[in-house]
Amino acid sequence: MADGSDTTLTAEQTSGEQAPHGLVAGLKSFAAAHGGAKAVIEYVGKRGARIVLVGGDGEWGDQFAEDTVTAREACAKAGVTVENAWERELMDQMRPSNDLWRSMARRTMAR
């Protein structure tokens, strides 16, 4: 068998399209409103990629992109640092709102 394969996916592959301007603007807006931001990109199958943002103030939110390559490009253009995984320090920084806690409790109690 030959070394390498032409069907192997690599991190160096690039999307044929640029990151959508609305996505980049949304990431920049979140980062500006929350004292900077870090992101974790999660692959969610056919739906694309979820960009979970954690602001410097502990607030968090998310955006969706067509794929992980587009998500990384958008974060780079917006100046948002992408973390490779959910590290403990990033999780400790998150501060869910009371409304979120209440909504999660209703879902648990309803089951």
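## Sheet

Four strands make up an open sheet of mixed pairing, ordered β3-β2-β1-β4. Strands here are DSSP runs of E with at least two residues, helices are DSSP runs of H or I with at least four residues, and both are numbered from the N terminus. Two strands count as paired if DSSP finds at least two bridges between them. Because β3 (60–65) and β4 (81–83) stand at the edges with a single partner strand each, one side of each has no neighbour in the sheet. From one strand to the next, the twist averages 30°.

The model is predicted: local features need pLDDT of at least 70, side-chain atom pairs count only at pLDDT 80 or more, and totals for chains, interfaces and linings use all residues. Residues are numbered from 1 along each chain as its sequence is written, and side-chain values use heavy atoms, with hydrogens and water left out.

## Strand pairing

Strands of a sheet pair through backbone hydrogen bonds, in either the parallel or the antiparallel sense. Strands β1 (residues 37–43) and β2 (residues 49–55) run antiparallel and are joined by 7 bridges. Ala-37 lies opposite Gly-55 of β2, and Ala-39 has Leu-53 as its bridge partner in β2. The two strands form a hairpin with 5 residues between them, and Gly-45 in the turn has a positive phi of about 70°.

The pairing of β1 with β4 is parallel and extends over 3 bridges. Here Ala-39 stands opposite Val-82 in β4.

## Nonpolar core

In soluble globular proteins, nonpolar side chains tend to be buried together. The largest nonpolar core of this model has 18 residues, and those with the most contacts inside it are Leu-27, Ile-51, Leu-53, Cys-75 and Val-80. Such a core is a set of buried Ala, Val, Leu, Ile, Met, Phe, Trp, Tyr and Cys residues joined through side-chain atoms within 4.5 Å, where buried means under 20% relative accessible area (1.4 Å probe, protein chains only).

Two or more residues of this core come from each of α1, β1, β2 and α2. Helix α1 gives the most, with 5 residues. Not counting residues up to four places away in sequence, Cys-75 touches Leu-27, Ala-39, Ile-41, Ile-51, Val-80 and Val-82; contact means heavy atoms within 4.5 Å.

Methods
Axes fitted to C-alpha atoms, helices over the stretch in contact; angles between N-to-C directions. Buried < 20%, exposed > 50% of the residue type's maximum accessible area, 1.4 Å probe, protein only.
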